[in-house]
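Subject: Structure for your files

Hello,

Here is the structure I said I would pass on. My notes follow after it.

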Amino acid sequence: MKQRLFSDTSLLLVFSAVILLMPMWTAPLGAAYPDLLQQFAIYGIFAIGFNILFGLTGYLSFGHAAFLGVGSYAAVWSFKLFTMNAIPAVFFGVVFAGILALIIGYLSLRRSGIYFSILTLAFAQMSYNLAYSVLTPITNGETGLQLSINDPRWIDALYKVAGEGLPSTNLFGIKMSGYPGFYLCAVLLIVCFFISLRIFRSPFGLMLRGIKSNQNRMSYTGLNTRPYMLAAFVISGMFAGLAGSLLAVTDPLAGAERMQWTASGEVVLMTILGGVGTLIGPMLGAGLIKYFENIFSSFNSHMLHDAFSFLPDGLENLVVDFVGLFVGGGWQLTLGLLFVIVVIFLPGGIVEGFQRIGRAFRPRRNDDTPSPQNQQSE
Amino acid sequence: MDSILLQLLNGLDKGAAYALIALGLTLVFGTLGIVNFAHGAIFMLGAFCAVTFDKLIGYSTKIRDVSITAFPAYKEEAYLKIWFGDTGETIIDYAVPLAIIASIPIMLFVGYAMERGLIRHFYKRPHADQILVTFGLAIVIQEIVKATFGANPIPLAAPEILSGSANIGHWFGLGDTIVYPWWRLVYLGFSSVVIFAVFGFLQFTTYGMVVRAGMRDRETVGLLGINIERRFTIVFAIATLVAGVAGVMYTPILPPDYHMGMEFLVLSFVVVVVGGMGSLGGAVLAGFLLGIVQSFASMNEVKNIIPGIDQIIIYLVAVVILLTLPRGLMGRAGVMED
């Protein structure tokens, strides 16, 4: 048994502290504004949930965006029909995503490997295309589902008179935009992290790992693996639904593009980039990708000229032109290069990078435990 | 009746495009065991080969316009036309078909460099790593193309003689209502030729036989003293070439932009998997099947009965096939099933 650096309790405490203090330590990185922090937390939940399926069982779902989208739609409908309170919205988002995950999972889990991936992809793309076309009465098609003044909001209508303009989402009176919204997401992220931690350490989690390493052997022991797989699939779908509903809570609109395969692909990349099957990795990957998406894309040539103004003029223009390829509109180039570099040099994602750094600073022991690379080449 | 025939043609045409890309994908799957997410980007790269070629041979300069004598007028004239007269003009007109010849060495080189430089290190890595690295590569290729050519689609014209429509109905005595763009017919024919060429290469040459044996069991082939890795590298280059020329030929149908590859990629993955992992015939069959099914679903008569069916039919068919046939249409047992 590998000795852990932290006990689970202290891991959770450290994690909570890091998440809750995010507005402080992200400030030097230029990321300390609530919209981005909300995205960190929300996509962290999404990736943590995805990791429960992919990291533990090895089943690569390419359709998790469908659950994200359904969570958003359910949340916005809850705002429209019942109340602007965030709790029912989150509840409905999770429940509907869970139901959809149950259906899709029940069908898709009949196959394994790439056949499973393509089945989930097909279901998600069907949901996306339907949301765009036939389901327009429910999803409002291309425009996306939005709040409007004339929404019934039955529960809210019982208690208070509708004010002027669009009401905003709230949690018992606290407006859910800006930092309060972030703290709601952050608390839920910590809860999700705790759940994921418990799953990783539980017999259920062990069972899922067993399925990953050898499903046949698990079956030979007389175990029906399907219910376990389905449970993992539904749990991870519900995490995605939660993330989707939080997207709607912080910004009450839902569009079909959230269900597109690119969104599914994004969460796959987040998880792999951070480190598949690790507790903290998916969160790191999600944060990194969102950081790139928001910060690198906002650089423009003016800012670059400022940054490199210490160089002589000719050289400055050259450097700015070159760096300009990688930031601003070209931020994806940096992201692509990052994917390539990380996967070549750090097969276990960012987490493995940290582990290597940690190992370098610790005194070397003379035991003959095989290093991960030896295991892989077997 | 007419519309059914027309949709059949449409379907064959779409199917040909899917089949060509899926063929390359499944070749790479089958030989190297690599999930190549950069395949769509290679398709796009092929299309931009045509764009570059078109720009190069159309390179022009300002010359004196002699037809206007009243005042000194100037006009843009391509160098080729100045040098070779009408022959030069014909060459410019046939830029797209000629770009195929130009793209062959480029695509082979791209494929070879990609395999030797990057993919080679990922044979034994998990599929997740392969997906991430090829996806990253695809993004890099896309962004470089975007930085070079801009984000807008660049239209290219088919040769003038092929730019109109063919009166197919007239050929078969079915009346004049069935007309179909010439270039799409050419594309269909071209795809068939390429598909048959690839199959012929694998089926009827010694080289192809060794490759097929390697697909079955690379270790045994290696033990027989054959350098199977080198052959697989060449197969990878061929797969790249197939995607590349498919991209070149597709330019007059769809003006290329930098993200056209991604759109095709997902569909071709569906096609490959529906066809069955590791089966070339399956990929081609599934490509044509899905193409035809999709065009029939987009007929108004069908749409009136089941609204929205045209949007989901491909995925619906894929789901039904995968749930009834465990390994797609013609998949082999044990390939990418875990």
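Below are the conventions, then the interface, a salt bridge and a helix pair.

This is a predicted model, in which local features need pLDDT of at least 70 and side-chain atom pairs count only at pLDDT 80 or more, while totals for chains, interfaces and linings use all residues. Residues are numbered from 1 along each chain as its sequence is written, chains are lettered from A and ligands numbered from 1 in the order in which they are written, and side-chain values use heavy atoms, with hydrogens and water left out.

Interface of chains A and B

In chain A, 37 residues are in contact with 45 residues of chain B (heavy atoms within 4.5 Å). The two chains bury about 3600 Å² between them, 78% of it on carbon and sulfur atoms (accessible area, 1.4 Å probe, lost on being put together and summed over both parts). On the chain A side, Ile114(A), Tyr115(A) and Trp261(A) lose the most area to chain B, together 19% of what that side buries.

Helix 6 (113-132), helix 13 (261-274) and helix 17 (331-345) of chain A each give two or more residues to that side (helices are DSSP runs of H or I, at least four residues, numbered from the N terminus). Helix 6 of chain A supplies the largest share, 12 residues. By class, the chain A side has 26 nonpolar, 9 polar and 2 charged residues (Ala, Val, Leu, Ile, Met, Phe, Trp, Tyr, Cys and Pro are nonpolar; Asp, Glu, Lys and Arg are charged; the others, Gly among them, are polar).

Salt bridges

One salt bridge joins Lys290(A) and Glu266(A) at 3.4 Å, N to O. Lys290(A) lies in helix 14 (residues 281-295) of chain A and Glu266(A) in helix 13 of chain A, 24 residues apart.

Helix pair in chain B

The axes of helix 1 (residues 2-32) and helix 13 (residues 280-297) of chain B come within 6 Å and cross at roughly 145 degrees (lines fitted to C-alpha atoms over the stretch in contact; angles run from 0 to 180 degrees between N-to-C directions). Residues of this contact divide into 15 nonpolar, 9 polar and 1 charged.

Regards

Terms used:
A salt bridge is a side-chain nitrogen of Lys or Arg within 4 Å of a carboxyl oxygen of Asp or Glu.
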